[in-house]
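Here are my notes on the two-chain model you sent over. Have it open next to you as you read.

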Amino acid sequence: MMIRRRSALLGLAASWSLGRSSLALAGSASGPDDPRFVVVILRGALDGLSAVTPYGDPDIATHRRSLLLPEPGQEGGLLDLGGFYGLHPALKNMHALYNAGEMAPIHAVAGHYRSRSHFEAQDYLESGADTRLNSGWLNRVVSALQGRGQSRPDGYRLAMGLTVPLLLRGPAAIGSYAPAGSQHPDAALYSQIMALNASDPVTGPAFRSGMKARGFSDDATDIRSAAFKPEPCRKPDAFMRLATAAGEMLADPHGPRIAALEIGGWDTHAAQLGRLSGPLAQLDRGIAALRQSIGENWKHTAVLVMTEFGRTVRMNGTGGTDHGTGTLAFLAGGAVAGGKVGGTWPGLKQSQLFENRDLAPTTDLRAVTSGVLCNHMGMKRHALTIIFPGPQPEPASGLIRTA
Amino acid sequence: MQFVSIANRFGWGGRPGAIPTGSARDWLAQQLQNTDAANFLNVGTSADGLIALREQRRTKMPGNPLIQPIFQAEIATQLDHLLLTEQPFRERLAWFWFNHFTVSLRQGSVRSVVGAYMREAIRPHVTGRFVDMLVAVMRHPAMLMYLDNSSSIGPNSPIGRKNHRGLNENLARECLELHTVSPQGGYTQADVTSFAAILTGWGIDMKADRPGFSFREKAHEPGEKNVMGQVFPEGEQGGLLALNYLGTHPATYRHIATQLVSHFISDKPLPQDVEHIAGVLQQSGGDLQKTSLALADLPDAHKPGSKFRSPMDYATAVMRALSLGGAPSTPDNPHSPAHILFSACGILGQPIWSAPLPNGWGDRAADWSAPADMLARTDWSWRMAAHAHADDPMEIAHAALGPALRKTTLTAMHHAGSRQDALALLFSSPEFQRR
């Protein structure tokens, strides 16, 4: 009966994502202790140096002094991660997880591609290959795991939603879920749209007055000021609601085992100091909500948070950062061997930067993912050649708790 | 590049990779010279629709169990064709003329035959003579039901005398005012009444094996009638002669020239443009192929962005830009492309075949640019942009707008954080609101 309720829920869910967030689910259950795997895509390229700041590196101040937050212990300062790195203060819940040994940032991570185009990079990130494929690596994971769900031969054969990310698209059956209502772009995008139309005699006034009716102020055409305004069209924290729903479904003994969520708002070309807190806090609340709703099964859970690339080490002329290379990934969950920052720090001296502008990548994101797939999902090494076609990175070890 | 402007102005927006090369004018001409390539699937004739209506009425079925599937099939196949057509000029003309001769779901029982009306009365005449389209429209069950003529009775006819029934002027008035000479033609109330009398008896035989138009002698007002100074004989022939007179009248040509220039060139048609098109109509005896091509030769025909997109234009252009459509839409699947387009037109304020009044949908920017309408477009297109899985947003932008694409829009798209956001910016740009 539970299965039918869930199926109906997912089936009805149909199509839409919420704000810039969406949720897709897959994988069939074989038992309540199945490992759970959640992937969160941060679309728009997270500035890894702001999320986890290497305040102990003396060179950081030379590149981005006005983007730096106070050191740990000071008001509004970073949350310490062991003396060299500090976590952005918007990530309070993540910090608590870190202290509980259930969260590990991995620094100087990058995908296997070198593209600074969002669209290309997201395609490669999700395809898991050097070319854009029609299926995502997480869908191929679902296919590889499907044989194990013998107790549920029907699996989750649900209508594919319209916003299933490429990451989860492919031959394996996928469901998608979005709470009803609130199917709008977010405030930042609305602001850009108003700016695009500002000088048009017909559409300019129409957009201005339409947005005013939705609670935007008159000067919301200024993207920078809009970024600090409440977002009237997004119900309180769409991502949190989706993360809650994902946790509930993953906790179901007969539910899906894999979920993909996405969240936007990371493309901080201007006024980054103010603009980044919002999405970071949203991510933070979402992870906490997932942990809450998945309950006991948190101990079987690994969450991978990834983004398509990082941002320039130096601040640009508008208080932001441009498209870069090396960035950050987060692992969180009861199954994660956390409480430490993973990865190899490449340094920030001029000569150490990638192409004299970006954080140099020292860890292939696929090595992180492969490590989780092997040690958490119990995937065999040879299966990885299907998940990530092309040259195989060595799966990273030490990411998952050993019992 | 010129093709994109032409494909927008005279068609329904470009599909990436589908814009041909060569002379744009030849491309337009060929669409009209070649036969209509539309191949509509799973639809019958207006007789089938009327049988469904008759059955539903006879057995007093609640809801629309017989008619709704017919309607859904019409939507599926006709909107699929709109998304995929390689004769978009022909298609724009078909929907233009449908709107000129509007029938609407909001009145009468036209749901069972509205799709057939488009295919039977409008489409065959898009490149023919205007007067032939007029006659086909005036004899079609959809129009006879929509504007009540099937219940109009000559007061001195046998049925009128027996039942003390009389004229219904609705169709006659709208035919004069909207379809043909327009008030500029200078007709009077007496002409309306007289024309209504001419059209008495033009109705639908619902009892026939194949229900359809029939001239009911016993409802027809006897005697000669005078409309706009012309005398027309009694009988069905009188109606045909009257339509022939009205459908070739200089005032009619002027009226439809104004509408065509308004639709294709500018909200404020230049008098010399209208004069020119009316002249082509006059000289060619109402040849709509020649007239339609003459529109493409007007001086401003290629100037990008002078016409604001109606919601249906807009939704279709977005879906074509996203290369949506392909496999035939199934009539009952709400996620099929045709039904997405159908529901989009409703969400954006122009539900298909549902104009509020017989004068059809408006054709000016002011009709479609209310604040809520613009935001509805943005919200809808943002959701649609999630359909673009593989395509390069920049390629979509160039294919959709060509030279009309502004640098500011491209820059904003370049800076967008996702494919979906980039496309939402494109679809919300001022240039995309226009054709």
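Which helices do the buried residues of helix 17 of chain B pack against? I'll take that up in point 2, after a word on ground rules.

1. Ground rules. This is a predicted model, so local features need pLDDT of at least 70 and side-chain atom pairs count only at pLDDT 80 or more, while totals for chains, interfaces and linings use all residues. Residues are numbered from 1 along each chain as its sequence is written, chains are lettered from A and ligands numbered from 1 in the order in which they are written, and side-chain values use heavy atoms, with hydrogens and water left out.

2. Helix 17 of chain B. The answer is helix 4 (67–84), helix 16 and helix 19 of chain B. Helix 17 itself covers residues 337–347, and its buried residues are B:A338, B:H339, B:I340, B:L341, B:A344 and B:C345. "Buried" here means under 20% relative accessible area, "exposed" over 50%, and "partly exposed" in between (1.4 Å probe, protein chains only). Helices (H or I, at least four residues) and strands (E, at least two) are DSSP runs, numbered from the N terminus. Just after helix 17 of chain B, look at B:G349, which has a positive phi of about 105°.

3. The interface. Chain B puts 37 residues in contact with 39 residues of chain A, a contact being heavy atoms within 4.5 Å. Between them the two chains bury about 3,100 Å², 64% of it on carbon and sulfur atoms. In chain B, the residues that lose the most area to chain A are B:L375, B:W382 and B:R383, together 20% of what that side buries. Buried area is the accessible area (1.4 Å probe) that two parts lose on being put together, summed over both.

4. The rule finds two salt bridges between chain B and chain A; a salt bridge is a side-chain nitrogen of Lys or Arg within 4 Å of a carboxyl oxygen of Asp or Glu. A:D200 and B:R434 meet in a salt bridge through their side chains, at 2.8 Å, N to O.

5. What chain B brings to chain A. Helix 19 (371–385), helix 20 (393–401), helix 21 (407–414) and helix 22 (419–428) of chain B each supply at least two residues to the side that touches chain A. Helix 19 of chain B gives the most, with seven residues. That side of chain B divides into 17 nonpolar, 14 polar and six charged residues.

6. Salt bridges within chain B. Over all chains the structure holds 33 salt bridges. One joins the side chains of B:R25 and B:D297 (2.7 Å, N to O). B:R25 sits in helix 2 (residues 24–33) and B:D297 in the loop between helix 15 (288–296) and helix 16 (311–321), so the pair ties together parts of chain B that are 272 residues apart in sequence. B:R25 is partly exposed at 35% relative accessible area, and B:D297 is partly exposed at 44%.

7. Two further pairs. B:R123 forms a salt bridge with B:D36, the closest N and O atoms being 3.0 Å apart. B:R123 is buried at 5% relative accessibility, whereas B:D36 is partly exposed at 28%. B:E431 and B:R406 form another salt bridge, with closest N and O atoms 2.9 Å apart. B:E431 lies in the segment after helix 22 of chain B and B:R406 in the loop between helix 20 and helix 21, so parts 25 residues apart in sequence are tied together. B:E431 is buried at 9% relative accessibility, and B:R406 is partly exposed at 26%.

8. Chain A. There are 14 helices and eleven strands in chain A, and 62% of its 403 residues count as buried. In strand 8 (residues 258–263) of chain A, six of six residues are buried. A:I258, A:A260 and A:E262 point one way from that strand, and A:A259, A:L261 and A:I263 the other way. Strand 2 (residues 36–42) of chain A pairs with strand 8 in the parallel sense over six bridges; two strands pair if DSSP finds at least two bridges between them. A:V38 stands opposite A:A259 in strand 8 of chain A.

Terms used
Ala, Val, Leu, Ile, Met, Phe, Trp, Tyr, Cys and Pro count as nonpolar, Asp, Glu, Lys and Arg as charged, and the others, Gly among them, as polar.
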